Amino acid sequence: MTPAMVMLGGAGGALLRYLIDLRVQRGRTTAFPWGTLAVNVLGSALLGLLTSWVLAAGTAGGAVFALAGVGLCGSLTTFSTFGYDTVQLITQRRHRHAAANVVVTVLAGLAAALAGLLAGGALWG
Amino acid sequence: MTGTHRWDVLLAVAAGGALGSLARYALGAALPSPAGVATLLGNVAGCLALGALMAVLARQAPQPRLLRPFLGVGVLGGFTTFSTYVLDALATAYDGHLVAAFAYAAGSVLASLLAVVAGVTGARRLLDRPGRPA
């Protein structure tokens, strides 16, 4: 049951990531990977929210967390594209872009997850 | 929104995402503790593989149309994850292990960047090795 939920959420997360990335990057000429930043921040906020919820719901929330947390949020966010984009920026000698991508992605991801956790705590805590 | 997209590409992304997520879940189940180890290993392995994939695809003409959506965006994008990494770092900091949280956050990024470089370089070296038909 759990593996099927993870696969279903994972399919949806990857599809959402692909579509959001296309949408965000459309018409942009910048070398900065805004699309990947957007999905990583969005997914971190969502996983923070879901983590708060599952802490309140207990084992009853297991299947939902497998679908939406492990599957969807796990797959909506990505480390491989983030890493590859950063190395590409370094290779293109866009060092400031590369450093900004790392710092902004990590700090915004942490802040978004914390905001999600706190919002969830206020809702279900 | 999907009207302008090719259905086979969307299907390749979704199928890859399902498989990559399942593999990430299986890795997490095989290495349940300490928290963050499975995520770190998966992210580093996924970065290595994406570096190699992109180096191989750069030499392909014409590009196989569904390979990058399936393997790159789907499987490896779904196998690696950023949200769990961020929550693991926050949980470690919340438990009072601030140095460990910082080391995990910074170390994951550094290891992943090195893994991408290793993947690209390794694949290029294999492709360029003497005796390989052009």
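Modeller: Gladly! A:Ala60 counts as exposed because it has 9 C-beta neighbours inside 10 Å, and the cut-off for exposed is 12 or fewer. Please keep in mind that this is a predicted model. A:Ala60 sits in the loop that joins α2 and α3 of chain A. Although A:Ala60 and A:Leu42 are 18 residues apart in sequence, their C-alpha atoms are 25 Å apart in space.

Now let us move to chain B, where we will look closely at one helix. Of the 134 residues in chain B, 48% are buried. Among contacts in chain B with a separation of 6 or more, 79% are between residues 24 or more positions apart.

The part to study is helix α5 of chain B, residues 98–128. This helix has 31 residues and reaches 45 Å from its first C-alpha to its last, close to the 45 Å expected at 1.5 Å a residue. Which of its residues are buried? They are B:Ala101, B:Tyr104, B:Ala105, B:Ser108, B:Val109, B:Ser112, B:Leu113, B:Ala115, B:Val116, B:Gly119, B:Val120 and B:Ala123. An α-helix has 3.6 residues a turn, so residues three or four places apart point the same way.

What do these buried residues pack against? Their partners are α4 and α5 of chain A, together with α2 (37–58) and α4 (83–94) of chain B. B:Val116 shows this in detail: leaving out residues up to four places away in sequence, it touches A:Gly83, A:Tyr84 and A:Val87, and also B:Cys47, B:Leu50 and B:Gly51.

B:Val116 also belongs to the largest nonpolar core, which has 70 residues. Along with A:Leu50, A:Ala113, B:Val86 and B:Ala89, B:Val116 touches the most other members. The element giving the most to this core is α2(A), with 10 residues.

Finally, step back to where the chains meet: 39 residues of chain A are in contact with 41 residues of chain B. On the chain A side, α1, α2, α3, α4 and α5 each give two or more residues, and α1(A) gives the most, with 12. By class, that side has 20 nonpolar, 18 polar and one charged residues.

Key:
Residues numbered from 1 in each chain as written. Chains lettered and ligands numbered in written order. Predicted model: local features only at pLDDT ≥ 70, side-chain atom pairs only at ≥ 80, totals over all residues. Contact = placed C-beta atoms within 7 Å. Helix = DSSP H or I, 4+ residues; strand = E, 2+ residues; numbered from the N terminus. Nonpolar A, V, L, I, M, F, W, Y, C, P; charged D, E, K, R; others polar. Expected span 1.5 Å × (residues − 1). Buried ≥ 20, exposed ≤ 12 C-beta atoms within 10 Å, placed from the backbone. Core = buried A, V, L, I, M, F, W, Y, C linked by C-beta atoms within 7 Å.
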